[in-house]
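Let's go through this one by asking what each label rests on. Here's what we'll be looking at.

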Amino acid sequence: MSEAERDIIDAGHRSLLLVLDGAGVSNPGTGNAITPETMPFLFSCMAEHGYATLEASGDPVGLQDGHTGNSEVGHLTIGAGQRVPSVLETMSSAWEDGSWEAHSAWQQLADTDVLHLVGLVSDAGVHGYWPNIIRCARLARAAGVKEVVIHGVLDGVDAQAGSAPRLLSELLAAVEPLDGVHCTDVMGRRWACDRSGQLEITQVLVDHMSGRRDLAEFTSAALEAFLDQSACEKDFPCHRFGEHRPVREGEPVLLTNNRADRTAQVAQVFSKTNPVFALVELGGSVREDRVFFPKHPLPEGVESELQRAGIRSLRIAEQCKFPHVTYFFNGFHPDLGEDRVCIDSVAEADIANHPEMSAEEITDAILAALDDPGRRAIIANLANLDQVGHIGRYELAVEAAQNVDRQIRRLYEKCMALGWSIIITSDHGNADRMVDDADRPFGSHSDRPVPLVCIPAPDRPLRLISRNGSLAHVGATYLTALGLKPPSWMTPSLIDAPVAER
């Protein structure tokens, strides 16, 4: 660290980076829970200091065009300070150039009698992408697998609620011409995407797919009737397609989802009785040589720049978003030596009764950290607007927004009193769109841009120099707020301020 940098740090340039998970920018209207009426203090800050709108979906954040942003991609991009190709983009490239087919894991499956594919029938790409089920089936057959059995998982959370009939029809149509490939059962994601650690929830999925429970035969009418009575398809009971072909002990299972946090429990339960393969790393339940697309940690990012400047950051979030402000923000490094405060989360099943979640406890932890005279950088996440938004109920999203706004005010008052600047942004949209174009409940992420608000500490000039960008600009913007000069490889800062030369 240079003498100039040390002088600026000693002068007290301190900054809070606050991620409002699921807060998109949209015009006021039906279904938008993020407005001047629901979040008056946030919008007053936006009016006073100005704000930029940042792209958080599609190509600007490393996703394929048309794919909506998500928390993993959002925090990864923010922490990297640059665009990072997503795993879905990597998979598509590997499919096109043949490297997926050449992966050594297929050799382990050559001449296997049966391979079971388990994955989300979704077009959102957040946790799963149904075309990858078909790609895996085709590659497995090409590798010599005699029979491929598909166990479908309906979405309705990341994908639009009620889209299951269309998506399942598309999957079945793609399966029909494939020799030796067939779908055997389908069920909602409630039991396939749990991340609470309660393995008994996941065991329900495994028991159904393993033939330990009786299944009704699937009909389109049964699914439509269920959707007429339910908010979405995530709770659809397991149904079979004709004669059920269960997962028998010892038969290999390939999990086709493209994100780990909501797939790890399935791997953990299946691995007790079956060899498990996966597209992405799922912890110790899947051997390294059975993972097709392992994570490659990024060599540099915001944290490496903070450490270079001698600043030890603090990460604060509740448990459901804690990997996002640590593992993903760190560029797939489990721990880079940052300080951490993890707050317990409300159980997902109870969020509807507690839209406030743990926001107050998160704020209390931040306020306590602000009092530490040695603290310079805090990176925190408020999860409400995303987690509550997924429920698809506008009135609950409004409650979440109002509570988050109260926490922002509390943080603002103390930051201003102690000389901290605040950078407020989001990782993707959600609560900004609680109904779809047909006025039906909508609980999925939105593709709308997100805000970037830079609130300077008293007597600390921070000037917004552009009102447009992407999440890739946030890293350099945050470093600039801390008085550091961002490296040339980062996407440039959207604010101007005195910085230390290196």
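Predicted model: local features only at pLDDT ≥ 70, side-chain atom pairs only at ≥ 80, totals over all residues.

Q: Why is Asp 439 called exposed?
A: Its relative accessibility is 58%, and exposed means over 50%, so Asp 439 counts as exposed.

Q: What makes the phi of Asp 439 worth a mention?
A: Phi is near 65 degrees there, a positive value in a residue other than glycine.

Q: Which loop holds Asp 459, and what is its phi near?
A: Asp 459 is in the loop between S14 and strand S15 (463–464). Its phi is near 65 degrees, again positive in a residue other than glycine.

Q: How do you know whether Asp 459 is buried or exposed?
A: Asp 459 comes in at 84% relative accessibility.

Q: Why does Arg 315 count as buried?
A: Buried means under 20% relative accessible area. Arg 315, in strand S10 (residues 314–318), has 0% relative accessibility, so it's buried.

Q: What is Arg 315 in contact with?
A: Leaving aside neighbours within four places in sequence, the contacts include Glu 303, Phe 322, Thr 326, Glu 338, Asp 339, Arg 340 and Ile 379. As for Cys 342, 27 residues apart from Arg 315 along the chain, the two C-alpha atoms are separated by 8.1 Å.

Q: How do you know whether Thr 326 is buried or exposed?
A: Thr 326, found in helix H12 (residues 322–328), has a relative accessibility of 3%. That falls under the 20% limit for buried, so Thr 326 counts as buried. Beyond four places in sequence, Thr 326 is in contact with Arg 315, His 333, Glu 338 and Arg 340.

Q: How do you know that the length of helix H13 (residues 359–370) agrees with what it should span?
A: At 1.5 Å a residue, the 12 residues of H13 should span 16 Å, and the end C-alpha atoms are 17 Å apart, which agrees. The buried residues of H13 include Ala 359, Ile 362, Ile 366 and Leu 370.

Q: What makes up the largest nonpolar core?
A: This core has 71 residues, and those with the most contacts inside it include Trp 100, Leu 117, Leu 254 and Phe 270. Helix H6 (residues 130–143) gives the largest share, seven residues. Apart from this core lies another, of 47 residues, among them Ala 23, Met 39, Cys 45 and Leu 382.

Q: How do helix H4 (residues 87–97) and H6 pack?
A: They pack at an angle of about 35 degrees, with axes 12 Å apart, and the crossing is left-handed. H4 brings Leu 88, Met 91, Ser 92 and Trp 95, while H6 brings Asn 132, Arg 135, Arg 138 and Leu 139.

Q: How many residues of that contact are nonpolar, polar and charged?
A: Four are nonpolar, two polar and two charged.

How values were computed. Residues numbered from 1 in each chain as written. Heavy atoms only, no water. Helix = DSSP H or I, 4+ residues; strand = E, 2+ residues; numbered from the N terminus. Buried < 20%, exposed > 50% of the residue type's maximum accessible area, 1.4 Å probe, protein only. Contact = heavy atoms within 4.5 Å. Core = buried A, V, L, I, M, F, W, Y, C linked by side-chain atoms within 4.5 Å. Axes fitted to C-alpha atoms, helices over the stretch in contact; angles between N-to-C directions. Left-handed = near helix turned anticlockwise from the far one by under 90°. Nonpolar A, V, L, I, M, F, W, Y, C, P; charged D, E, K, R; others polar. Expected span 1.5 Å × (residues − 1).
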